[in-house]
Amino acid sequence: METRLLRSFVVLAEEQHFGRAAARLHVAQPALSQQLKSLEQQVGARLLDRSTRRVELTDAGRLLRERALQLLADLDRTTADLALVAAGRAGRVRIGFVGTATYALLPSVARRVREELPGVELELRGELLAPALLDAVAADDLDLAVLRPSGPPPAGLVVEELRREPLVVALPTGHRLAGRDAVALADLAGEVLVAHPSGRRSMLQPLVLDACRAAGVEPEVIEVGETGTLVALVAAGLGFGLVPDAVRALRLDGVVYRPLGGDPVQVPLALAHRLDPAPAVRRVAAVISAATAP
């Protein structure tokens, strides 16, 4: 059943007059009569009783008018929704965040997408490690990943740097250096470092250890899988942490954050996605870029 015929029938049912209906539809009256005849043949029932003065709906016509209004409204909504999807203003976008970006950036991104792209549904996952995030994007389990990059991106992925952040020192509030405005890494020699895992499980630990070695420090390391756990162990007095500045957003009793003395050690924050992302993914990526602009 053609949509065009249904729309013509609805107008004719509203006007109950062939001349007025034909004028609304911008067609000749004989053409409208032919459309009605074709529709009646398709449904196998008379839809209108016609006289020289008026047109009345039959029982079948009243039923078809009711169903046609519902069908056409659904079709119009679907067409509008598809246009939003094509424009990137509707759809579902899955985003993963590395632990050190979870606490400051995830709430900001969620808020800005809700304000700027209300038709986009977000699925947000935080406290993930960078290698796992890259694997998830490559496997189409995530659309976007905010992470700390290290080395060239895997085949089929694009990793774009968003900004660079300085490392800061996380110390227990009772630590001997907690009262300083800035802390030199050399002053932490002999102390335990609480850090993200080594090897491919984390891309931040190599950067942290390189910074320590550059200062002549070779710390004993306690490895943890989540940034929240790292800061909690610092609060418990088990060691110090070197974390990106964004982790300051994670405020726990028993922890203070201090800048590093001397030249700042910068770590990158980046956005990963597959080649040729969907329109909604591109729009959300633009929101993330704006939210992380230096």
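The model is predicted, so local features need pLDDT of at least 70 and side-chain atom pairs count only at pLDDT 80 or more, while totals for chains, interfaces and linings use all residues. Residues are numbered from 1 along each chain as its sequence is written, and side-chain values use heavy atoms, with hydrogens and water left out. Helices (H or I, at least four residues) and strands (E, at least two) are DSSP runs, numbered from the N terminus.

**Helix α3**

- Leu32, Gln35, Leu36, Leu39 and Glu40 of α3 are buried, where buried means under 20% relative accessible area, exposed over 50% and partly exposed in between (1.4 Å probe, protein chains only).
- These residues cover an arc of only 135° around the axis, which puts them on the same side of α3; the arc is that of the directions from the helix axis to the C-beta atoms.
- Pro30 and Gln41 are exposed on the face of α3 turned away from its buried side.
- The buried residues of α3 pack against α1 (3-15), α2 (18-25), β1 (48-50) and α4 (59-86), and Gly44, just after the helix, takes a positive phi of about 75°.

**Nonpolar cores**

- The largest nonpolar core has 35 residues, and Leu144, Val146, Leu147, Val284 and Ile288 have the most contacts inside it; such a core is a set of buried Ala, Val, Leu, Ile, Met, Phe, Trp, Tyr and Cys residues joined through side-chain atoms within 4.5 Å.
- Among the elements that each supply at least two residues of this core are β3 (91-98), α5 (99-116), β6 (157-172) and α9 (279-291), and α9 provides the largest share, seven residues.
- Leaving aside neighbours within four places in sequence, Ile288 is in contact (heavy atoms within 4.5 Å) with Ile95, Val109, Leu144, Val146, Leu162 and Leu271.
- A second, separate core of 21 residues includes Leu177, Leu193, Ala195 and Val208.

**Strand β7 and its partners**

- Strand β7 (residues 192-195) is covered on both faces, with Val192 and Val194 buried on one side and Leu193 and Ala195 buried on the other.
- β7 pairs in the parallel sense with β8 (residues 220-223) over four bridges, and two strands count as paired if DSSP finds at least two bridges between them.
- The bridge partner of Ala195 in β8 is Glu223.
- Two bridges join β7 to β9 (residues 240-244), again running parallel, and the partner of Leu193 in β9 is Phe240.
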